Amino acid sequence: MDVMDALVAGGWLMLPLLGCSLVATVIVIERLWTLRAKRIAPYGLGQEVCGLVVRGQVNLYWLEAHSPLGGVLAAGLRNARLGHEQVRARLQEAATAVIHDMERFLSPLGTIAAITPLIGLLGTVVGMIEVFSVIVAGDGASRTADLAGGISRALVTTAAGLTVAIPALMFHRYFQRRVEDITVRMEEQAGQVVEFLAHYQGELGFAEGQEGERRGARTDDDRREADGRIAPEVKRS
């Protein structure tokens with residue numbers, strides 16, 4: 001039995017199952033591309049920011065564009081002069097927004113994993129109702145095609161529902177775990193910056209515009225910035 005035969009045998013309940021399958025596939029591909037740890041929370045960024053603070057070379061515009069973690073750290077640095085608690089509060093708020101973005105589409109994926117077996121079970125019930133209707137009519141022997149069709153629908157829809165639900169559930173759990181891992185990495189690096197600022201006695205100087213980025217593009221440090229590893233040079237205020 002090929003795909004078209006299965007769709008015909010399963011009846012109209014195969015249409016919502018097919019739709020769920022397509023939606024789940026799109027979500028999985030999108031989340032695999034989006035939830036990359038290097039893109040969201042690259043290793044070493046917190047330590048690099050601490051070094052840039054010491055040298056007075058932190059460009060908040062560059063930091064926000066660097067990665068979601070960079071945006072979180074930039075939110076905390078903007079409030080560095082207001083005290084330790086303010087830095088923690090702003091980091092927490094910014095991190096909550098990033099986590100919410102990482103969890104996007106996971107709820108629909110979990111819903112698909114939950115409802116597709118139920119749709120398959122509904123197909124089983126509908127198919128069995130047709131079978132028993134033929135039997136009750138008393139002419140089951142002469143309507144073997146109808147009996148076979150009802151049984152086929154009962155089996156095909158159940159199999160299709162499980163075929164969609166099992167991968168969807170696996171990827172849902174996998175993405176949840178990946179979000180947790182990236183969140184832990186963000187917390188570790190944000191904690192490094194918070195502790196550094198708590199003990200830093202020097203003067204804080206930041207730049208927020210693109211002008212400083214263009215002005216520092218001629219320096220040796222900014223050749224490293226092209227690799228996404230250092231901010232443009234800005235003199236301490």
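Modeller: E30 is partly exposed, with a relative accessible area of 26%, where buried means under 20%, exposed over 50% and partly exposed in between, for a 1.4 Å probe and protein chains only. Its partner R31, by contrast, counts as buried at 1% relative accessibility, and the two side chains meet in a salt bridge with 2.6 Å from N to O. The term stands for a side-chain nitrogen of Lys or Arg within 4 Å of a carboxyl oxygen of Asp or Glu.

Please read every value with the following in mind: this is a predicted model in which local features need pLDDT of at least 70 and side-chain atom pairs count only at pLDDT 80 or more, while totals for chains, interfaces and linings use all residues. Residues are numbered from 1 along each chain as its sequence is written, and side-chain values use heavy atoms, with hydrogens and water left out.

A search of the whole structure finds 7 salt bridges, among them the one between R78 and E64, whose closest N and O atoms are 2.5 Å apart. This pair links distant parts of the chain, since R78 lies in the loop between α6 (68-77) and α7 (84-102) and E64 lies in helix α5 (residues 60-66), 14 residues apart; helices here are DSSP runs of H or I with at least four residues, numbered from the N terminus. R78 counts as partly exposed at 33% relative accessibility, and E64 counts as partly exposed at 37%.

Another salt bridge joins R104 and D101, with the closest N and O atoms 2.4 Å apart; R104 is partly exposed with a relative accessible area of 43%, and D101 counts as partly exposed at 29%. Salt bridges that share partners also join R177, E180 and D181 into one network.

Arginine also meets aromatic rings. The charged end of R185 sits over the ring of Y43, 3.6 Å from its centre, and R36 lies over the face of W33 at 4.0 Å from the ring centre; the criterion is NZ of Lys or CZ of Arg within 6 Å of the ring centre and within 35 degrees of the ring normal.

Between rings, the structure holds 2 aromatic pairs. One of them is formed by Y174 and F175, which are tilted, at 5.5 Å centre to centre and 55° between the planes; rings of Phe, Tyr and Trp (its six-membered ring) pair if their centres lie within 6.5 Å, with planes under 30 degrees apart stacked, over 60 edge-to-face and the rest tilted. Y174 is partly exposed at a relative accessible area of 36%, whereas F175 counts as buried at 0%, and ring pairs link F171, Y174 and F175 into a cluster.

Just after α4, G56 takes a positive phi of about 65°.

Definitions and conventions. Helices (H or I, at least four residues) and strands (E, at least two) are DSSP runs, numbered from the N terminus.
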